[in-house]
Amino acid sequence: MNFEFEGNLKKLKAVWYENNEVVMIDQRMLPEKVEFYRAKNSQDIAYSIKEMVVRGAPAIGIAAAWGLAMAKSNHEDMDAATKLIGSTRPTAFDLFKAIKFMISNNFTVEAARRYSQEITNRCRKIGEYGDNLIPHKAKILTHCNAGALAVTEWGTALAPIRIAAHNGKDIFVFVDETRPRLQGSKLTAWELQNEGISHAVIADNAAGHFMHTKQVDLAIVGADRITASGDFANKIGTYEKAVVAHENDVPFFVAAPASTFDFSLNSGDDIPIEERGEEEVLSIAGKRIAPEKSRAMNPAFDVTPAKYVTAFITEYGIFKPNELKSLKSMIQKDMFMRED
Ligand code: MRU
């Protein structure tokens with residue numbers, strides 16, 4: 001496995017650059033098999049993002065950054081490569097952040113390396129700040145996968161969990177299975193198992209029951225795009241978890257780096273929501289589960305209004321939704337994140 005160790009903290013790499021190829025863990029194959037996908041040009045990168053070989057907003061951004069650097073060194077038409085990669089997944093803001101960063105840094109390999117390293121380091125800080133919110137013996141709910149596979153090395157929602165466990169806190173994680181793609185049961189549970197963190201996979205429909213019966217102390221999720229008002233998009237099903245958390249006084253945290261904040265939007269209503277293929281809902285593991293003539297609807301994300309968010313966990317610290325103005329001004333002063 002491609003783990004690196006820092007002390008006894010395991011660091012999993014999800015995407016990297018090697019011999020002029022972008023290499024990634026093929027997340028479609030987990031947890032059965034660890035296989036690697038090797039992208040050789042911008043078409044392969046677009047395929048890997050669209051088909052979810054690599055997924056999770058920050059990891060999509062990192063794959064795009066490496067992909068554009070590779071395209072440049074392949075002497076591809078950079079306008080076409082940028083358009084193609086930018087057309088893959090509309091909700092994840094990190095994709096557009098990474099593309100802008102690469103355009104303003106001439107698509108160099110060095111810029112992609114910096115981008116990947118910066119996002120990774122920032123997620124570690126998210127883990128350190130978020131650890132302060134996790135009491136000893138906490139039972140934590142998470143949705144989808146916002147772990148190392150979704151970023152490389154730390155994750156966003158899983159970074160505080162990983163650091164809390166590493167600091168000796170006895171914690172337990174409720175892992176929403178996350179239909180239709182099952183990122184919870186396939187990916188988050190795999191990451192937690194690799195790290196020896198206690199957890200149970202629960203059916204998406206069960207989260208309300210566990211919150212209502214006071215078995216969940218807090219929830220931490222990632223985000224695909226966060227607006228200036230604090231409304232945010234994340235994996236479909238996040239909205240209803242947040243509403244139920246609010247109803248049951250369960251603190252609801254959203255962990256994300258600056259690259260996920262889209263301050264050009266104020267309302268969550270303006271976030272474009274990706275619609276994916278019907279087959280993801282109509283089948284499980286390639287086997288059709290619905291009648292032959294039934295159709296499906298498959299929005300990949302939903303929007304949670306800011307009023308349900310207790311706080312955002314970022315690399316700059318913890319911010320309540322009504323404190324996002326001060327986060328914005330910090331981001332604007334941050335050389336790496338600011339957009340001139
Ligand atoms: O469709 P996916 O698997 O890319 O959706 C991923 C999520 O919704 C994550 O919670 C989000 O991208 C944050 S990942 C650190």
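**View 1. The largest nonpolar core has 95 residues.** Within this core, M24, I161 and I220 have the most contacts. A nonpolar core here is a set of buried Ala, Val, Leu, Ile, Met, Phe, Trp, Tyr and Cys residues joined through side-chain atoms within 4.5 Å; buried means under 20% relative accessible area, exposed over 50%, and partly exposed in between, with a 1.4 Å probe and protein chains only. Helix α2 (residues 57-73) gives the most to the core, with 12 residues. Helices (H or I, at least four residues) and strands (E, at least two) are DSSP runs numbered from the N terminus. At least three core residues come from each of domain 1 (3-120) and domain 2 (130-332), with bounds from an automatic or database domain assignment.

A word on the model: it is predicted, so local features need pLDDT of at least 70 and side-chain atom pairs count only at pLDDT 80 or more, while totals for chains, interfaces and linings use all residues. Residues are numbered from 1 along each chain as its sequence is written, and side-chain values use heavy atoms, with hydrogens and water left out.

**View 2. Here are the neighbours of I220.** Leaving aside residues up to four places away in sequence, I220 touches I134, I140, L141, T142, H143, A157, P160, I161, F253, A255 and I313. Contact means heavy atoms within 4.5 Å. Elsewhere, a second, separate core of seven residues includes L12, L30, L187 and W190.

**View 3. The largest pocket holds about 580 Å³ of space.** On a 1 Å grid over the protein atoms alone, a pocket is an open set of points with protein on both sides within 12 Å along at least five of seven lines, a cavity is a set where a 1.4 Å probe fits but cannot get out, and lining residues have an atom within 4 Å of a point. Grid points are joined across faces, edges and corners, and a volume is the space filled by probe spheres set on the points. Of the 25 lining residues, R28, P180, R181, E280 and A285 are closest to the pocket's centre. Helix α7 (183-195) gives the most to the lining, with three residues. Because domain 1 and domain 2 both contribute lining residues, the pocket lies between them.

**View 4. T178 has a positive phi, near 70°, although it is not a glycine.** This threonine, T178, is in the loop between β7 and α7 and is buried, with a relative accessible area of 0%. T152 also has a positive phi, near 100°. T152 belongs to the loop between β6 (139-142) and α6 (158-166) and is buried, at 1% relative accessible area.
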